[in-house]
Every structure is written in structure tokens, then in C-alpha cells.
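Have a look at the model below and keep it open while you read.

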Amino acid sequence: MSVQDNIVFILEIIGTVAFAVSGALVGIRKSMDIFGVCVLGVVTAVGGGAIRDVVVGIIPPNVFRDPVYATVAVLVSCLVFGVAYFRSFRSSGRLGKLYDGAMLLMDAVGLGIFTVVGVNAGIQQGHGDNTFLLIFTGTVTGVGGGLLRDIMAGVPPYIFVRHIYACASIAGAVACTLLYRTTGITTAMFAGVLLVLGIRCLASHYRWNLPRVRMEEQVTK
Amino acid sequence: MSVQDNIVFILEIIGTVAFAVSGALVGIRKSMDIFGVCVLGVVTAVGGGAIRDVVVGIIPPNVFRDPVYATVAVLVSCLVFGVAYFRSFRSSGRLGKLYDGAMLLMDAVGLGIFTVVGVNAGIQQGHGDNTFLLIFTGTVTGVGGGLLRDIMAGVPPYIFVRHIYACASIAGAVACTLLYRTTGITTAMFAGVLLVLGIRCLASHYRWNLPRVRMEEQVTK
Amino acid sequence: MSVQDNIVFILEIIGTVAFAVSGALVGIRKSMDIFGVCVLGVVTAVGGGAIRDVVVGIIPPNVFRDPVYATVAVLVSCLVFGVAYFRSFRSSGRLGKLYDGAMLLMDAVGLGIFTVVGVNAGIQQGHGDNTFLLIFTGTVTGVGGGLLRDIMAGVPPYIFVRHIYACASIAGAVACTLLYRTTGITTAMFAGVLLVLGIRCLASHYRWNLPRVRMEEQVTK
């Protein structure tokens with residue numbers, strides 16, 4: 001296992017933890033029991049990786065072969081549930097704000113890491129010269145886990161309601177793909193993650209608004 | 001076709017019938033017309049198998065090659081629709097209870113069978129020595145059809161709202177995987193199905209409750 | 001690139017445009033911002049093709065390799081958003097009707113084209129003699145993009161609420177599969193598209209109604 005493999009593995013574990021936290025938080029907010037919270041944590045954490053592997057042709061997906069990702073996701077989900085159950089949520093005043101902050105950060109970390117891990121997987125499978133494929137694969141991997149989480153939990157997908165969500169992932173994938181050819185994949189991955197994190201945090205802090213069509217007559221159904 | 005292949009095939013057909021009934025029932029409750037009911041029946045019945053095949057690398061999925069599964073699912077869905085249309089639902093008093101009982105049983109049978117069939121598919125594709133892969137593949141196959149059904153119909157997924165749902169599937173997959181190495185796959189599959197059925201029925205009958213976090217302030221959006 | 005490849009490519013682009021319009025319209029109706037509208041346009045337009053490719057074994061999917069489909073979808077989505085933002089939607093009186101008409105037509109064109117393109121992909125991958133596989137693949141490809149659109153946007157899937165939706169796709173796939181063996185694939189594809197379009201328009205115009213079970217007691221949850 002080379003140094004680069006180790007870095008990719010560590011990034012994957014951090015992304016798995018972050019997405020598991022975000023999935024567990026959504027489950028807790030939806031008043032799911034501890035099993036539901038774990039299921040949502042695991043789906044969010046391994047969903048992006050499973051999509052990535054099917055799309056680039058690693059079948060069965062790596063998250064199905066190696067138990068470490070699912071194990072980490074279950075442990076993290078239980079931990080988040082335990083903290084929510086026994087301590088933090090007693091102080092209900094700051095609850096909403098704390099929840100929103102944790103969700104934003106964890107989801108952004110997961111989004112950034114899985115985006116660059118998706119780009120890296122495309123490169124490893126021999127598609128290093130197809131810029132578009134790497135960007136698309138990276139974006140699908142990045143947004144996939146969170147999208148599965150939101151669809152399964154029945155909440156409006158983050159990708160539509162949050163500021164500049166898919167865009168941050170695309171920017172990270174583009175940066176990672178272009179940098180990889182000049183600086184090597186390690187630097188490219190870190191730059192990609194930081195770019196996604198930066199865009200998401202800035203967009204959220206300054207509440208960047210984008211034009212939308214106001215429908216004058218509300219059309220029901 | 002060996003005896004074991006026959007047993008797997010018969011199990012698959014029973015699972016297909018059970019999941020088709022559960023899909024048709026959800027469609028009827030959502031007031032879908034006969035085509036919608038059939039679509040939901042087919043998706044529930046073949047969805048788990050399609051996911052199983054993509055995940056273990058049988059492409060195109062077997063349910064796409066062999067018309068028997070989709071045909072059975074359509075016939076069963078039409079039959080359920082016909083019964084609901086012409087007879088049972090006139091006696092509306094016991095409707096809710098009958099519906100809940102039928103859903104519970106059919107969904108549990110489908111869950112149990114597709115779980116062990118998923119484990120078996122992993123073994124057949126040469127992953128017999130990877131315990132984790134077999135358990136994960138079995139669970140994904142088991143819960144996949146019902147999850148697609150609930151997401152498409154826009155109802156809260158069974159996997160989150162029912163007692164110990166994913167857990168029953170995981171237990172069945174573990175039992176099937178471990179037994180297969182000592183007793184052979186046939187015994188292991190039957191034991192797995194019975195275990196899933198038993199856990200689901202007990203959990204439902206005794207309304208096993210699991211801890212969940214009560215959110216004091218209801219956060220909207 | 002043969003004449004037939006060119007025809008398939010042109011059909012795919014028309015289908016991509018049609019589905020991108022339908023996705024963008026759903027996004028606008030759900031008051032998404034311009035990025036959300038683009039995401040929904042792209043998912044609807046490339047979703048069917050991605051499902052088709054995974055199912056028939058073209059991995060990575062062609063829409064991930066060739067940027068033209070996603071680029072067209074983004075441009076079309078932005079154009080639809082621009083028109084909605086600056087002009088048409090000011091005259092709000094006819095809005096609902098115009099929206100419904102555009103959705104019906106665009107969705108029907110996409111449904112028809114992706115159905116026959118799915119059949120053709122199955123044939124190209126060497127499954128030309130498996131009638132059932134071609135029909136199933138065609139139908140899944142046809143309804144896949146619209147289904148992803150509706151699930152992600154959180155609206156009741158077209159496939160359940162519109163008249164004879166899946167049925168039109170199945171009819172088109174059957175016609176295309178059977179004709180391909182006598183008239184060749186080009187004629188078969190055009191016939192399939194026209195059949196789907198015809199069935200959808202007739203069903204919508206005459207509001208063909210199908211039996212459904214009226215539930216006397218409304219069961220909540």
C-alpha cells in the first residue's frame with residue numbers, strides 16, 4: 001500500500017465519518033429510532049462510494065467488500081445518537097442552530113472528500129485523460145450519498161435547497177482534475193476538498209442568493 | 001438444473017409473489033389506477049433482484065433476461081387489484097387491519113427470501129469466502145425492493161418506520177452466511193428466511209420499541 | 001460513424017433536449033433557483049441514458065464519457081429558466097395551461113425517444129434475440145429519467161399519476177422490438193417514438209380513465 005493509497009484511505013474514512021454524522025443527524029431530526037438512524041448514517045456514508053464504484057466499473061463495489069466503511073458508519077451513527085439522546089439535546093434552546101451548523105460542516109466535508117475520491121477512482125480505472133468523465137464521476141460521487149439520504153428520509157434534497165451545492169462539487173472536481181495533471185493527485189485532492197469546503201461555507205455564511213422564478217399563481221398538485 | 005437451482009428458483013418466485021402483493025397493496029392504498037398498481041407491484045418484486053445482480057456483477061440483471069419474474073408480478077398485481085376492486089374492500093370496517101396484516105406478512109416473506117437469495121447470488125459469483133460482502137449483499141437485496149416501492153409511492157420507507165426491519169434482514173443474512181459453511185446453502189437459506197420472518201412477526205406483535213430522541217422544539221422545514 | 005449511428009445520435013439529442021425542458025419546468029414550478037433547475041434538467045436528461053448503460057453493461061455510462069449530453073442539458077435548462085424569468089411567466093393567466101401542455105409534450109417526446117434508444121442499446125450489446133430483455137430495457141430507459149426527476153423534486157411520479165404512462169412506453173418498446181426484425185432498426189425506432197407520442201397525446205386529450213379502488217375509509221399515515 002503506497003503513501004498515496006494511505007492518503008486516499010484516510011480521506012475516505014474522514015468522508016465516511018462526516019457523511020455518517022450528517023445522515024444520523026437527519027435521522028434524529030426525523031425522530032427515527034436508533035436503527036433508523038444507523039441505516040441512514042450507513043446509506044449516506046457508503047452510498048456515494050457504491051455509486052462511484054458501479055459507475056467506474058468496480059463491481060462488487062469496494063464498500064461491499066471491505067467492512068471498515070460500514071463499521072465506521074454504524075459506530076459513528078450510534079455515537080451521534082447517544083450524544084443526542086443523553087446530553088446535547090437537553091439544552092434545547094441552541095438546538096436548531098447547533099444542528100444546522102453541524103449539518104453544514106459535516107455535509108460539506110463529505111461532499112468535498114467524496115468529490116475528489118470520485119475523481120481519483122476514475123483516474124485509477126484508467127480514465128485519466130477524459131476530463132469530462134472525471135468531473136462527472138466526481139460530482140456524482142460527491143452528491144450521491146447526500147441525495148440518497150434526503151430521498152430516503154423524505155426531506156427536500158440539500159442539492160436543491162442549499163446555496164450553490166452541486167456547483168461547489170463541480171468546482172472541486174474541475175480543480176482536482178486539472179491540478180492532478182500538473183501537481184499530482186495528492187495535492188489535487190487536498191486542493192479540491194478545500195475549494196468545496198470554502199465555497200460551501202462562504203455561500204452559507206453570506207447566504208448567496210440566486211435568481212429564481214416567483215410563480216404568481218400557486219399551481220397545486 | 002440441479003435440485004438446489006430449483007429450490008432457489010421456487011424461493012425467488014415466492015418472494016416475487018410476496019413483494020408484488022405488498023407493492024400492489026401500497027398502490028391501492030395510494031388510490032392508483034390498475035396500471036400504477038401493476039408498476040408498483042413489478043418494481044417491488046424485481047427491484048431487489050435487479051439491485052442484487054448489478055451489485056454482484058450479473059449484467060444485464062437476470063430479471064431483465066427472464067420474463068417469468070415480471071410476468072408473475074404483473075399477474076399477481078392484477079389479481080390483488082381485482083380482489084380489492086370487487087370483493088374484500090366492500091367490508092370496509094376491517095379494512096385497515098386486514099391491510100396491515102397482509103402488508104406485514106407479504107413484506108416479511110419478501111424480505112426474508114430476497115435476503116438469502118442475495119447471499120446465495122454472492123456465493124455463486126465466487127465471493128463465498130467474504131463474509132461481509134455476503135451479509136451486505138443479502139441485506140441490500142432484501143431491503144432494496146421495498147425501499148424502491150416506498151420511495152416511488154411517496155410513503156415513509158418501511159425500513160425506517162417498522163420495528164427492527166433492517167436488523168431482521170441483517171440477522172437473516174448473517175445466519176445464512178454462517179450456516180452455509182457448515183450445513184450447505186439449502187438449509188442455510190431456509191433457516192435465514194425463517195429467522196427473518198420470526199424476528200419481524202415477533203417485533204410487530206410485541207411492538208418492540210427502540211429508543212429515539214424526542215425533539216423538544218419542532219424544527220420546521 | 002454510419003448513417004444509423006447518426007440517426008441514433010440525433011434522436012438522443014432531441015430526447016435530451018425534451019427531457020431537460022421537462023426537468024427544468026418541474027424545477028421552476030418548485031421555485032428552485034437557477035442551479036437547482038439546471039441540476040434537475042441534467043438529471044432528467046442523462047438519467048435515462050445512465051440507467052440504460054449500467055443495465056446493458058456499458059460502464060462507465062456513455063453520458064459520463066461524452067460531454068455533449070450534459071452540455072446540451074445545461075444550456076437548455078438555462079434557456080428555459082431565462083424564458084420563464086424574463087418573459088412568458090409575466091402573463092400569468094395562461095400559465096398553468098401552458099406549463100401542462102409543455103410538460104406533456106416534452107415528457108412524451110423524451111419518453112418515446114429514450115424507450116427506442118434503450119431497445120437499440122440492448123440490440124447493440126448483442127441481446128437482439130431476447131425480446132423480453134429489449135422490451136424491459138427500453139421501458140426502464142424510457143421511464144427512468146422522468147422517475148428520477150420526480151423523486152428528486154418530491155412530486156408524485158408522472159408514471160403513477162398520468163394516463164397510461166408506463167403502458168405507452170411498453171407499447172413503444174414492443175413495436176420497436178418486433179419491427180426491428182422485419183424493417184430494420186431505423187424504421188422501428190421512428191415507429192416506436194410515434195406510437196408512444198400518439199398513445200400519450202390521445203390518453204391525455206381524451207382523459208382515458210382506468211379503474212381504481214376507492215378507499216371508503218381514508219387510512220392516514
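Ser31(B) sits in the loop between helix 1 (3–29) and helix 2 of chain B; helices here are DSSP runs of H or I with at least four residues, strands are E runs of at least two, and both are numbered from the N terminus. This serine has a positive phi of about 60° although it is not a glycine. That's worth a second glance because most residues other than glycine have a negative phi.

| Residue | Phi | Relative accessible area |
|---|---|---|
| Ser31(C) | near 60° | 25% |

Ser31(C) lies in the loop between helix 1 (3–29) and helix 2 (34–56) of chain C.

Before going on, a word on how to read all this. This is a predicted model, where local features need pLDDT of at least 70 and side-chain atom pairs count only at pLDDT 80 or more, while totals for chains, interfaces and linings use all residues. Residues are numbered from 1 along each chain as written, chains are lettered from A and ligands numbered from 1 in the order written, and side-chain values use heavy atoms, leaving out hydrogens and water.

Now for some prolines. A cis peptide bond joins Ile59(A) to Pro60(A), with omega about -5°, and another joins Ile59(B) to Pro60(B), with omega about 0°. Pro60(A) is in the loop between helix 2 (34–56) and helix 3 (62–65) of chain A. For comparison, most peptide bonds are trans.

Over in chain B, Arg162(B) belongs to the loop between helix 7 (158–161) and helix 8 (165–183). With a relative accessible area of 31%, Arg162(B) is partly exposed.

Finally, zoom out to chain A. How many helices and strands does chain A have? It has 9 helices and 0 strands. The C-alpha trace spans about 50 × 45 × 30 Å along its principal axes. Of the 221 residues of chain A, 56% count as buried.

How values were computed. Buried < 20%, exposed > 50% of the residue type's maximum accessible area, 1.4 Å probe, protein only.
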